[in-house]
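Here are my notes on the assembly, as numbered points. Have the structure open while you read.

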Number of protein chains: 4
Amino acid sequence: MSRNLEDLKGILPPIPTPFDRRGSFARDRLRDNFRVWNRHALAGFVVLGSNGEGVLLSSEERLDVLRAAREDIPETRWMIAGTGCPSTRETVELTRHAARIGADAALVLPPSYYRGRMTREALVRHYAAVGDASEIPVLIYNMPACTGIDLDAGTIAAVAAHPNVVGIKDSGGDVVKMGAIVGSLGSEFRVFAGSAGFLLPALAVGAVGGVLALANIAPAECLAIYDHFVNGRAVEAAELQRRMIPVNTAVTSRWGVAGLKAAMDILGWEGGPVRAPLVDLTPPEVEELASILELGGLEKEEEGGR
Amino acid sequence: MSRNLEDLKGILPPIPTPFDRRGSFARDRLRDNFRVWNRHALAGFVVLGSNGEGVLLSSEERLDVLRAAREDIPETRWMIAGTGCPSTRETVELTRHAARIGADAALVLPPSYYRGRMTREALVRHYAAVGDASEIPVLIYNMPACTGIDLDAGTIAAVAAHPNVVGIKDSGGDVVKMGAIVGSLGSEFRVFAGSAGFLLPALAVGAVGGVLALANIAPAECLAIYDHFVNGRAVEAAELQRRMIPVNTAVTSRWGVAGLKAAMDILGWEGGPVRAPLVDLTPPEVEELASILELGGLEKEEEGGR
Amino acid sequence: MSRNLEDLKGILPPIPTPFDRRGSFARDRLRDNFRVWNRHALAGFVVLGSNGEGVLLSSEERLDVLRAAREDIPETRWMIAGTGCPSTRETVELTRHAARIGADAALVLPPSYYRGRMTREALVRHYAAVGDASEIPVLIYNMPACTGIDLDAGTIAAVAAHPNVVGIKDSGGDVVKMGAIVGSLGSEFRVFAGSAGFLLPALAVGAVGGVLALANIAPAECLAIYDHFVNGRAVEAAELQRRMIPVNTAVTSRWGVAGLKAAMDILGWEGGPVRAPLVDLTPPEVEELASILELGGLEKEEEGGR
Amino acid sequence: MSRNLEDLKGILPPIPTPFDRRGSFARDRLRDNFRVWNRHALAGFVVLGSNGEGVLLSSEERLDVLRAAREDIPETRWMIAGTGCPSTRETVELTRHAARIGADAALVLPPSYYRGRMTREALVRHYAAVGDASEIPVLIYNMPACTGIDLDAGTIAAVAAHPNVVGIKDSGGDVVKMGAIVGSLGSEFRVFAGSAGFLLPALAVGAVGGVLALANIAPAECLAIYDHFVNGRAVEAAELQRRMIPVNTAVTSRWGVAGLKAAMDILGWEGGPVRAPLVDLTPPEVEELASILELGGLEKEEEGGR
């Protein structure tokens with residue numbers, strides 16, 4: 001099913017991949033999480049993004065997670081699969097698999113190991129190869145904190161010239177660049193804030209939504225910032241945005257996936273352990289995190305579903 | 001006269017220092033510029049900031065420029081003097097001079113030559129020494145592109161604990177940090193966007209205005225973004241913000257002061273040459289700049305005053 | 001067979017993986033290259049390093065290349081396998097496979113995708129897990145240009161506390177750090193220069209050799225620098241070192257693997273195409289490269305074996 | 001007196017400027033230090049470099065320090081004055097003053113406040129203006145840790161095309177670049193290691209000496225590394241080089257001028273306080289520094305002169 005790209009907007013969490021005690025994908029825990037996420041007006045979900053520990057999974061595990069997610073994500077919502085791999089051919093292959101499993105779009109990191117050689121031309125070729133081969137639309141995933149590559153506006157425009165490259169999740173936090181992209185490519189090119197810390201400022205310059213780690217644990221708050229903005233409630237939007245910054249920092253730049261999973265555990269979701277080389281939070285860190293969540297006003301959801 | 005800090009908000013250009021052909025301060029050209037600036041609802045002016053080539057002036061020249069500016073700036077508007085110097089003692093001295101000349105506030109760069117040793121403690125001591133000695137309130141000037149120091153939110157909060165440190169001009173562009181500062185220090189701590197590229201997103205998270213190079217040549221547009229935001233016209237604000245990005249880039253990160261002065265010449269202000277080691281734009285660069293200004297919709301102001 | 005670590009010294013090329021026209025591993029081309037390399041007094045070879053495009057190969061291809069290399073590398077020389085993968089478990093697995101195939105040591109990159117969380121503790125745990133599981137000794141591979149992580153001396157010392165971590169290939173070029181490592185860990189910890197640009201300075205502070213892309217195409221010259229140094233011919237060593245810098249830059253930081261493979265083609269080895277997202281040199285780039293090689297005094301080896 | 005540039009080699013300390021308790025230049029303390037330095041075979045001295053806190057002195061103080069140094073430095077040794085200022089005109093002026101006072105050469109930092117605009121052309125013009133105006137030869141001072149500008153080999157070559165630009169003090173630590181510079185400009189262009197951490201590797205690739213903070217407190221050791229190298233004692237040179245690394249780090253990158261001055265106090269020289277915004281070491285830091293000095297084998301010089 002091909003979706004209407006105009007509907008690609010709003011808030012989407014990049015979901016974590018839960019593991020069991022032996023470190024294997026815990027399919028049931030994922031289902032438990034979806035049961036709660038699906039009660040919120042989330043536009044969709046990103047599977048196998050950075051928070052999904054996609055790069056730490058084997059090829060088989062990736063397909064397992066994608067299949068499980070597709071079962072749990074209602075047809076009415078977007079399922080976006082992270083399919084970026086070090087080589088172009090592997091990226092093409094995983095993107096095709098994801099489409100076959102039912103993903104509605106692919107989120108593709110720039111290959112980054114040989115970053116010194118990832119010229120504009122190399123990146124245009126890479127995304128063109130993926131875009132050509134993919135039955136589903138492709139979103140660029142700019143994630144400088146992980147890739148060491150911060151795609152500039154000119155490169156993004158060059159890559160976006162491909163008809164199947166339809167948008168970007170930008171986690172770099174440079175709102176000037178986001179504004180410049182919307183300014184030059186128009187609003188049909190879908191720009192998403194890549195972190196809740198700058199959701200509101202990104203919306204202010206023309207982003208259409210956010211793919212936000214924070215939306216995993218604070219879907220209501222992230223949706224409220226979006227709604228406040230859309231409905232012209234600038235003061236409320238700003239207040240809530242500011243309140244979310246320390247919480248968001250804790251589960252992103254400070255403690256990363258381990259922080260996000262610990263926060264899920266604290267708030268009643270299924271978080272669980274991370275996979276090595278990532279390291280779980282220590283008990284004192286968990287305690288500090290709990291205070292940050294409390295200060296940010298985040299509470300356990302009530303229902304027993306989790 | 002001590003001003004009400006609550007009125008410290010809105011749009012302030014950091015004015016360039018005009019030179020004559022021999023490279024000396026051209027006092028009359030500055031007056032010509034003020035004649036036009038003063039027709040706009042600018043909240044005030046920053047004198048001897050980065051765009052004022054303050055670091056390239058001799059001690060005597062700095063005082064000359066401050067005195068001239070004070071003559072031309074109406075009493076009803078803020079005159080903020082850039083007074084940061086490499087040593088604490090020289091900064092104290094210049095700040096006192098500026099106050100005596102009539103500046104309403106001082107904008108103080110972190111000393112940056114020994115940046116590896118500019119620990120939080122060193123910076124707190126420096127700003128405390130300046131704040132103690134200064135009769136006028138002090139604003140922090142975070143300008144990583146020039147100093148190589150990007151003050152973090154914790155350091156800003158520590159420095160801001162001094163009662164005479166009342167705000168910040170942040171040119172770093174990290175709106176998450178700006179939101180965090182407003183969130184932790186409250187709105188009585190005055191946060192200004194340091195560049196027009198992120199004026200609107202900064203306002204969205206709680207900044208009270210902007211100290212903007214662009215406001216020298218596009219005061220009406222900068223004021224309009226501010227007014228659109230304050231009056232809840234999000235769409236108009238975003239559109240104008242995006243339109244200003246390429247223009248702003250040209251006169252800041254791309255071509256700097258030389259670009260700004262060339263743009264002033266093109267648009268009918270008194271720009272003139274920069275001082276070495278800065279280098280004036282080449283004719284082809286001036287031509288490219290003119291197209292960018294035109295694309296951005298900037299036009300010559302009509303009156304002959306300039 | 002367990003080798004004597006004291007013999008782990010001298011010059012080792014990190015070999016490229018040749019592909020055929022369809023992009024598959026070209027086993028015969030590799031054999032042709034080894035036929036020539038083996039005529040030189042190289043101490044051994046690194047297989048599946050950055051120049052081997054290891055991260056662009058599938059799991060099966062990696063094993064194919066390791067097996068082929070083991071066949072071609074004489075028992076008297078070191079075969080070191082690049083086995084670093086994004087996850088600890090995959091790294092352990094590939095290291096074990098490599099040992100079974102006959103590698104004499106493993107060269108292990110720090111996992112880098114979640115670099116913000118690769119604390120000293122996380123890295124110590126990762127290398128300890130690999131060191132514990134590996135039957136062959138482990139060398140750290142510090143490659144900041146590709147990983148975005150520049151291991152500091154303290155982290156290297158902490159990782160090296162594991163008895164099975166026996167040395168480092170350091171491509172960062174910080175000879176102060178190399179000297180500090182030799183100073184603190186002693187010469188039984190084997191430090192290798194990771195690039196020919198700083199081979200001589202690294203030797204001067206105590207490195208025992210080099211793992212050098214340049215040694216693929218200029219084995220004689222790299223060996224000569226080493227021999228000049230060992231035999232106290234400082235002037236000759238310096239002269240040859242300086243002559244190799246431009247050549248080395250061309251096949252490393254400037255053009256990377258594509259440059260190295262093009263140089264192999266020019267000089268009569270089997271270079272061939274790179275795998276996407278890497279991009280082959282353009283004809284004008286090849287021409288420029290040829291001049292650089294000529295200026296550096298590199299010539300085709302005479303024999304028809306290639 | 002014009003000196004023979006071929007004699008510009010060996011070890012030169014960039015001397016600190018001693019202050020008295022009230023923070024003024026302590027002329028007598030400087031004389032005491034020179035009394036000891038002059039007993040060592042140092043080739044000369046750099047006055048008003050980074051370790052001289054030159055940027056923290058007033059214009060008058062700078063001339064006072066230069067005059068005092070000239071009195072204390074024997075005619076047979078080089079006196080090199082740090083004369084880089086933010087503007088070209090001020091740099092020209094200070095260079096001329098230094099020449100009149102008797103400096104034998106000037107060491108000129110690239111102007112760095114507007115670093116984004118310090119293109120190759122801007123730097124070539126700046127150094128040409130200084131070189132044209134200066135009666136004494138000019139050395140480039142590459143000091144990225146303080147200026148945020150790391151001059152590349154191409155820019156250095158372009159600047160060095162001016163006949164009065166005769167060498168460089170390179171504190172960046174990139175020995176590949178140093179080798180490339182010697183390779184392209186020849187040994188008549190005088191390359192000096194800018195820090196003792198990489199003295200030996202720099203010599204190995206063709207540097208002619210070092211301008212070393214460490215030489216202030218360990219002149220004998222720095223001279224010994226140089227002599228060992230010149231006389232082909234590679235093992236002794238390497239051993240001493242490695243032993244000096246932790247000591248050097250303490251008085252440079254870790255604690256800077258404050259560390260150097262504290263070390264001088266510990267070892268019996270006249271160190272004294274630094275000028276704000278620099279901060280003196282705390283007592284626990286002094287204690288740690290003392291242990292590092294002891295571990296490095298540095299001891300008080302015996303004579304009562306200090």
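1. Let's start with the pairing of chain C and chain D, which bury about 1400 Å² between them, with 79% of that on carbon and sulfur atoms. Buried area here is the accessible area (1.4 Å probe) that two parts lose on being put together, summed over both. The contact itself involves 17 residues of chain C and 17 residues of chain D, where contact means heavy atoms within 4.5 Å.

2. Before going further, the ground rules: this is a predicted model, in which local features need pLDDT of at least 70, side-chain atom pairs count only at pLDDT 80 or more, and totals for chains, interfaces and linings use all residues. Residues are numbered from 1 along each chain as its sequence is written, chains are lettered from A and ligands numbered from 1 in the order in which they are written, and side-chain values use heavy atoms, with hydrogens and water left out.

3. What does the polar side of the interface between chain C and chain D look like? The rule finds zero salt bridges across it, a salt bridge being a side-chain nitrogen of Lys or Arg within 4 Å of a carboxyl oxygen of Asp or Glu. There are two residue pairs in polar contact, both residues at pLDDT 80 or more. A polar contact is a pair of N or O atoms within 3.5 Å; within protein, one must be able to donate a hydrogen and the other to accept it, and residues adjacent in sequence count only if both atoms are side-chain atoms.

4. On the side of chain C that touches chain D, helix 7 (175-185), helix 8 (199-205) and helix 10 (234-254) of chain C each supply at least two residues. Helix 7 of chain C gives the largest share, six residues. Helices (H or I, at least four residues) and strands (E, at least two) are DSSP runs, numbered from the N terminus. By class, this side has eleven nonpolar, five polar and one charged residues; Ala, Val, Leu, Ile, Met, Phe, Trp, Tyr, Cys and Pro count as nonpolar, Asp, Glu, Lys and Arg as charged, and the others, Gly among them, as polar.

5. Now for chain A and chain C, which bury about 3100 Å² between them, 57% of it on carbon and sulfur atoms. Y113(A), Y114(A) and R117(A) supply 25% of the area that chain A buries here, more than any other three residues. Helix 4 of chain A brings the largest share of the side that touches chain C, four residues.

6. Which chains do not touch? Chain B and chain C have no contact, their nearest C-alpha atoms being 17 Å apart. Chain A and chain D are not in contact either, with closest C-alpha atoms 17 Å apart.

7. Inside chain C, an open sheet of eight strands has the order 1-8-7-6-5-4-3-2, with parallel pairing; two strands pair if DSSP finds at least two bridges between them. Its edge strands are strand 1 (10-12) and strand 2 (44-47) of chain C. Three bridges join strand 1 to strand 8 (residues 209-211) of chain C, and G10(C) stands opposite G209(C).

8. Over all chains, the search finds 56 salt bridges. In one of them, E53(B) meets K261(B), with the closest N and O atoms 2.7 Å apart. E53(B) sits in the loop between strand 2 (44-47) and helix 2 (59-72) of chain B and K261(B) in helix 11 (residues 256-267) of chain B, so the pair ties together parts 208 residues apart in sequence.
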